[in-house]
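Colleague: I would like to learn how to read features of this kind from a model. Please take them one at a time.

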Amino acid sequence: GQKAASLALLIHNKDEVVDALCRHLVIPESKAVRPLCACLAALARDLRTEAYPYFQSKLVPALLLLLESRDTEQLEEAFSCLAYLFKFLVKFIVEEFPETFALLLPALRHRQWFIRKFSAEVLSYLV
């Protein structure tokens, strides 16, 4: 069925929608990363307060799993999506900055220099 045909439906079905997006986002070698990331960014933009409870528990962890990909397009999409999440949810993230920093710490310590660099750039938006 259509769980996101309207804002009211999306709010009502947000648990299922977020779970489905995150579940599909972490499928290895997925060809749907770009549209899934676009949906996550739109979800954060449209729901803001309603989306924030999922930020630390589901959204960021799913995106951080993409950082292990060797596909540069997937990496680009993951960081772009993270940047949009930070932009749309900044008001809430700043209030819990230590938790967000701790969540991103593995990316800031990543073995690949460019992952560390992009992670720092995304995080710098909050500082």
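Colleague: Is Thr 100 buried or exposed?

Modeller: First, the ground rules: this is a predicted model, in which local features need pLDDT of at least 70, side-chain atom pairs count only at pLDDT 80 or more, and totals for chains, interfaces and linings use all residues. Residues are numbered from 1 along each chain as its sequence is written, and side-chain values use heavy atoms, with hydrogens and water left out. Buried means under 20% relative accessible area, exposed over 50%, and partly exposed in between (1.4 Å probe, protein chains only). The areas come from the Shrake-Rupley method with that 1.4 Å probe, and for residues only the protein chains shown count as cover. Thr 100 has a relative accessible area of 1%, so the residue is buried.

Colleague: Where does Thr 100 lie, and which residues is Thr 100 in contact with?

Modeller: Helices (H or I, at least four residues) and strands (E, at least two) are DSSP runs, numbered from the N terminus. Thr 100 belongs to helix α6, residues 97-108. Contact means heavy atoms within 4.5 Å. With neighbours within four places in sequence set aside, Thr 100 is in contact with Phe 55, Gln 56, Phe 86, Ile 93 and Leu 126.

Colleague: Is the charged residue Glu 77 buried or exposed?

Modeller: Glu 77 is buried, because its relative accessible area is 12%. This residue is found in helix α5. Not counting residues up to four places away in sequence, Glu 77 touches Val 33, Arg 34 and Cys 37.

Colleague: How many salt bridges does a search of the whole structure find?

Modeller: A salt bridge is a side-chain nitrogen of Lys or Arg within 4 Å of a carboxyl oxygen of Asp or Glu. The search finds seven. One of them joins Glu 50 to Lys 14, with the closest N and O atoms 3.0 Å apart. That pair links distant parts of the chain, 36 residues apart: Glu 50 is in the loop between α3 and α4, and Lys 14 in helix α2.

Colleague: Which residue does Asp 19 meet in a salt bridge?

Modeller: The side chain of Asp 19 meets that of Lys 58, at 2.4 Å from N to O. This pair too links distant parts of the chain, with Asp 19 in helix α2 and Lys 58 in helix α4, 39 residues apart. Asp 19 is partly exposed at 32%, and Lys 58 counts as partly exposed at 30%. Arg 45 and Asp 46 also meet in a salt bridge, at 3.0 Å from N to O.

Colleague: Which residues form a negative surface patch?

Modeller: Patches are made of residues with over 30% relative accessible area and no salt bridge; like charges are joined within 9 Å, and nonpolar side chains (Val, Leu, Ile, Met, Phe, Trp, Tyr) within 5 Å. Lys and Arg count as positive and Asp and Glu as negative, while His and the chain ends are not counted. The place of a charge is taken as NZ of Lys, CZ of Arg, CG of Asp or CD of Glu. Here the patch is formed by Glu 29, Asp 71, Glu 73 and Glu 76. Asp 71 sits in the loop between α4 (52-65) and α5 (72-95), and is partly exposed at 32%. Glu 29 counts as exposed at 66%.

Colleague: What phi does Glu 29 have?

Modeller: A positive one of about 65°, although Glu 29 is not a glycine. Glu 29 lies in the loop between α2 (14-25) and α3 (33-47).
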